[in-house]
Amino acid sequence: MSVILKTEKLRVEFKNRELRQQKKIALHGLDLEVNTGEVFGFLGPNGAGKTTTMNVLLGFVPPTSGTAYLFGIDVREPIARQRIGYLPELTYYYKFLTAEEILRFYAKIFKIPRAETGKRIDQLLKLVELEHARKRPIKSYSKGMQQRVGLAQALINNPDLLILDEPTSGLDPLGRMKVREIIQRLKNEGKTVFFSSHELGEVETVCDRVAIIHQGELKNVGRVQQIMEGYANLEKAFLNIVGYQEQIA
Amino acid sequence: MKTIFALSGVVIKELYRRKDFYVLFIITILICLVMASVNVFNDDKIVRYLKEICLLLIWLASLVIAITTTARQIPAEREQRTLLPLLAKPITRAQLIIGKFLGCWFACGLTLFCFYVFFAALAASREHHLPLLNYFQAAALHWVVLGVVVAMTLFGSLVFAAPSSNATIIFVFVAGILTIGRHLHQIALGQPEPAQSIIYAIYLVIPHLEIFDVRDLIVHDWPVVPWFYFGMAVLYALAYIAAFLIAACLVFRRKAVN
Amino acid sequence: MISPRLYILLLIALMVACFAMAAKLEPQFHEWRGSRADGDIFEITLGEGRALFANEFYVKADEYYHSGYYPSIFDNRENFQTPHIAEDTGAVASKNKGGEEEQGFRMRQLDWIDAFSRHFYPNRHTHLDQGGASGDLKDSGEIREILPWLKLSADLDPHNVQTYVVTGYWLRSRMHKPDEALAFLREGLRNNPDSYEILFELGCLYNEDLHDPGRARNVWELAVQKYLKLSAQDMKDNRLLMEKLGTQLGLLEEKEGNYPRAVYWLQLAKKASLTPESIQSMIDDIQKKMPENARTNSLPALPPQ
């Protein structure tokens, strides 16, 4: 099983303007590996460094030190993003475009041939159940519909690695179930999914492995069953690992 | 190039789906038609004042469209988080900058085309002749100078945080160049040192946008600008466009977009 | 919860109150001194401040007269004999023979940007009445292009006499539009009833274009009366116009055969003139036509017509 996503001693520091240029360390030398074909859950409380890690992996934020690789290619190279799909938390798309136009736009960026683009758009809109609204501008969509457009755009290039930042955030139970189904389907197709979530029940259901990060440091990584060992469920294990158990008790 | 043209296509779609252009175009048409209906000493052959007013409105409208459209491109992408899924695709930030630039520039070109067609129709209806080469030169130089303004605004949008402050600064800067740009060296001569050297240095460094404003030649029916100098002016503008885009790429290259 | 019907009733009540107040106040608005309500669009929007822009448009007309070849505030204006359109209106050809003025007002080329940019601006001194930018036409109709700016300037500052005089001149002498010139000069006279300059131009229009010497005589004589009411200093400053008035009246009377009156006006012109010799020769010519006992070199009382 090959490594598809890897970080080595990843460190990210931000200048904190409010604290007069004092540095805020977002990631302390993060080492992480995700293997091909697994669904990997990236867990941590708010401000733990999950989104920062994803931002580095996607080239949004340059690391202060350390390196990150996708498919063995340094993430600073645009080609590293050729075979990935990304769904950010709370995304908004060009409101003046329709769902079909947005997907066509991203397909052009991936240089997908015109003939194939049409078929791919049809498939994806069917998958996310937006066929009926394909010609409507995004500004007329509900939040759930926008999230589904986001999922469709993340899949436009038929990616081998899908990076999802809290994909079920803000969705109703039906929407969450739909996203879980899609993740499961991708897993069955042999795709790798790397996603962050606060929904521990959901993680427990779909993930093969999870990593728990707290205050920029990796606290635990392993198979879901391994991490849950000695605890009633993943939530209890998570709270214990990040040091909140006593407060809960 | 496919990626760059895809990016510019979205900008062009944005322009024609927003109302700004239509509002400015209709206002220009209305003002010009009202001015054309004025009876000046019962002489319906008088045309130059109309050409002057129409060209002034075209210049104002084009600058408003160019600056406001460009100023909001990257800040709006950041604010609405559309930049995240975009940069997660295999594109470089330089491609994004160039795509945005070309989109805004082509959009301005389309806008200018509409405005100049109206201008030519209005002028020809009074003059009964159409100096196509003159109009071509005026429109082409106008479009080229808008390229410099767009590149400048794009660079400004990466330096200044708010689109409104960027747009205001660029407006003042462009208006300043168009009005006193060509006289700065004369102003410098009347100043003591070190002001003289500073003003002269500014004169040499700023893009001389006023060169491209050939409205006077069009209004007063002068012969076309010699093609050699026309070509040189285009190259001069392209050099500034390249300089601003490179500066924008350098600023944007390591900028965190989270 | 308040019913929507109540909002509608409230809205209607407010509208009725507004209309009632408007009906009550409207007559009072009109009684206000200095109300802009009856003025044109410039008066309504700019008030008295509109005069500030009048000169800009007057200069714009002059710029058009030169087909766009015109100095800015940064250029050497002393070398540019401006404003031509106002300066003795028509006798401009003598000032446009090339030479100093052609090259003068734009300073010497200082650098490559300056040299390069000069290919993109009007760079030859031409006059619209002599063909404008194309250069070789005679008595071009293009002069009409200055008229909108002069009209606008007059609308913005109706008390600027020069605008009416210049516009009247171009309309009657080069555009061959005496009716329009007459209307415009009359408008100028309504706005400036004491203007002897407008009266002079009006007289020229009656005499030369409408061929009505009687009316010309009347307005010129009225102009002389206005002139003579000026202070001594103002008379001195405007003596050129008095010379013109006197000469025109003298020529008119000579043409009508009223030699004593012709001599009388020419004597007045001579008194105001800086070159009295030329007028004296005109007087001498007329006196030769007169009986010996009627000849005089002193200024007599105005003989009856």
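Here are some worked exercises on the three-chain model shown above.

The model is predicted, so local features are taken where pLDDT is at least 70 and side-chain atom pairs where it is 80 or more, while totals for chains, interfaces and linings use all residues. Residues are numbered from 1 along each chain as its sequence is written, and chains are lettered from A and ligands numbered from 1 in the order in which they are written.

**Exercise 1. Chain C as a whole**

Task: describe the secondary structure, burial and contacts of chain C.

Solution. Start with the elements, which are DSSP runs numbered from the N terminus (helices are H or I of at least four residues, strands are E of at least two).

Next comes burial. A residue is buried with 20 or more other C-beta atoms within 10 Å of its own, exposed with 12 or fewer, and partly exposed in between, with C-beta atoms placed from the backbone. Of the 305 residues in chain C, 34% are buried.

Finally, look at contacts, where two residues count if their C-beta atoms, placed from the backbone, lie within 7 Å. Among contacts in chain C with a separation of 6 or more, 53% are between residues 24 or more positions apart.

**Exercise 2. Two helix pairs**

Task: work out how α9(C) packs on α10(C), and then how α2(A) packs on α3(A).

Solution. Begin with the axes, which are lines fitted to C-alpha atoms over the stretch in contact, with angles from 0 to 180 degrees between N-to-C directions. For α9 (residues 196-209) and α10 (residues 213-228) of chain C, the axes come within 8 Å and cross at roughly 165°. That makes α9(C) roughly antiparallel to α10(C); the classes are roughly parallel under 35 degrees, roughly antiparallel over 145, roughly perpendicular from 65 to 115, and oblique for the rest.

For handedness, a crossing is left-handed if the near helix is turned anticlockwise from the far one by less than a right angle, and right-handed if clockwise. The crossing of α9(C) and α10(C) is left-handed. Residues of α9(C) that take part include Tyr196(C), Phe200(C) and Tyr206(C), and those of α10(C) include Val219(C), Trp220(C) and Tyr227(C). By class, this contact has 12 nonpolar, two polar and two charged residues. Here Ala, Val, Leu, Ile, Met, Phe, Trp, Tyr, Cys and Pro count as nonpolar, Asp, Glu, Lys and Arg as charged, and the others, Gly among them, as polar.

Now turn to chain A. The axes of α2 (residues 99-109) and α3 (residues 114-127) of chain A come within 10 Å and cross at roughly 130°. That makes α2(A) oblique to α3(A), and their crossing is right-handed. The contact includes Leu103(A) from α2(A) and Ile121(A) from α3(A), and it has six nonpolar, one polar and three charged residues.

**Exercise 3. Chain B and its neighbours**

Task: which elements of chain B supply at least two residues each to the side that touches chain A?

Solution. The interface joins 22 residues of chain B to 25 residues of chain A. On the chain B side, α1 (2-17) and α4 (83-87) each supply at least two residues, and the largest share, seven residues, comes from α1(B). This side has 10 nonpolar, five polar and seven charged residues.

For the other interface, 28 residues of chain C are in contact with 26 residues of chain B.

**Exercise 4. Backbone exceptions**

Task: where do a cis peptide bond and positive phi values occur?

Solution. Recall the background: most residues other than glycine have a negative phi, and most peptide bonds are trans.

- The bond from Glu193(B) to Pro194(B) is cis, with omega near 5°. Pro194(B) lies in the loop between α8 (184-189) and α9 (195-205) of chain B.
- Asn158(A) has a positive phi near 50° and sits in the loop between α4 (143-154) and β7 (161-165) of chain A. Asn158(A) is partly exposed, with 15 other C-beta atoms within 10 Å.
- Arg81(B) has a positive phi of about 65° and is found in the loop between α3 (48-79) and α4 of chain B. Arg81(B) is partly exposed because it has 17 C-beta neighbours inside 10 Å.
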